[in-house]
Amino acid sequence: MSHHTAPLVVVMGVSGSGKTTVGRLLARVVGVPYAEGDDLHPAPNVAKMRAGHPLDDEDRRPWLDEIGRWLADHADGGGVVTCSALKRRYRARLASAAPCVFFLHLDGSPELIAARITARQGHFMPPELLRTQFADFEPLSDDEAGSAIPIDGTPQETAALARAAVTSA
């Protein structure tokens, strides 16, 4: 990222980890555009999740490609987008569209995240699918540009940790 003036970030993690909240706060404090990855899902994906069925790799392909296009379009000026990016191959797909991308993993316990999902209203992701997301998750590897930060503080504290991770990259 050092050759860019503004960061290009994927805020990643399982559903309920705070991607939207932290992503918006991070984009605001670093002064870059923000995109909600959930809004980039094709309608059949949303319907499938709403019905309680996990997405498979084929379902995710057009969604990841759309996020990749958004990243490529914002590579020069920076931006923050949310995406679960649970598997290494998904992150590789996004990085192939925008090689300067930084992955920011919002890391929390299954218990904390389950409590958050149960408390939130109006989201298409049912709490029952959280188990499948944790089962699919592959942590960032040393050769991936990114950092994991804890989410057990307030959204503002988490956003401050996010900013520190992104700006020190």
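The questions below ask how some descriptions of this predicted model follow from its computed values. Residues are numbered from 1 along each chain as its sequence is written, and side-chain values use heavy atoms, with hydrogens and water left out. Because the model is predicted, local features need pLDDT of at least 70 and side-chain atom pairs count only at pLDDT 80 or more, whereas totals for chains, interfaces and linings use all residues.

Q: Why is helix α1 called oblique to helix α7?
A: Helix α1 (residues 19–30) and helix α7 (residues 155–167) pack at an angle of about 55°, with their axes 9 Å apart. Angles under 35 degrees count as roughly parallel, over 145 as roughly antiparallel, 65 to 115 as roughly perpendicular and the rest as oblique, so α1 is oblique to α7. The crossing of these two helices is right-handed.

Q: Which residues make the contact of α1 with α7?
A: With contact taken as heavy atoms within 4.5 Å, α1 contributes T21, V22, L25, L26, V29 and V30, while α7 contributes P155, Q156, T158, A159, A162, R163 and V166. By class, this contact has nine nonpolar, three polar and one charged residues.

Q: What makes α3 and α4 roughly parallel to each other?
A: Helices α3 and α4 pack at an angle of about 30°, with their axes 8 Å apart; the angle falls in the class already given for roughly parallel, and α3 and α4 are therefore described in that way. Their crossing is right-handed. Among the residues in the contact are L64, I67, G68 and L71 of α3 and R93 and L94 of α4, and by class the contact has seven nonpolar, one polar and six charged residues.

Q: Which residues does L94 touch?
A: Not counting residues up to four places away in sequence, L94 touches V10, L64, I67, G68, L71, C83 and F103. L94 is also one of the residues with the most contacts inside the largest nonpolar core, which has 41 residues; such a core is a set of buried Ala, Val, Leu, Ile, Met, Phe, Trp, Tyr and Cys residues joined through side-chain atoms within 4.5 Å.

Q: How do you know whether L130 is buried or exposed?
A: Buried means under 20% relative accessible area, exposed over 50% and partly exposed in between, with a 1.4 Å probe and protein chains only; L130 has a relative accessible area of 6%, and is therefore buried. L130 is found in helix α6 (residues 130–136), and touches V14, S15, P110, I113, A114 and I117, not counting residues up to four places away in sequence.

Technical notes. Axes fitted to C-alpha atoms, helices over the stretch in contact; angles between N-to-C directions. Helix = DSSP H or I, 4+ residues; strand = E, 2+ residues; numbered from the N terminus. Left-handed = near helix turned anticlockwise from the far one by under 90°. Nonpolar A, V, L, I, M, F, W, Y, C, P; charged D, E, K, R; others polar.
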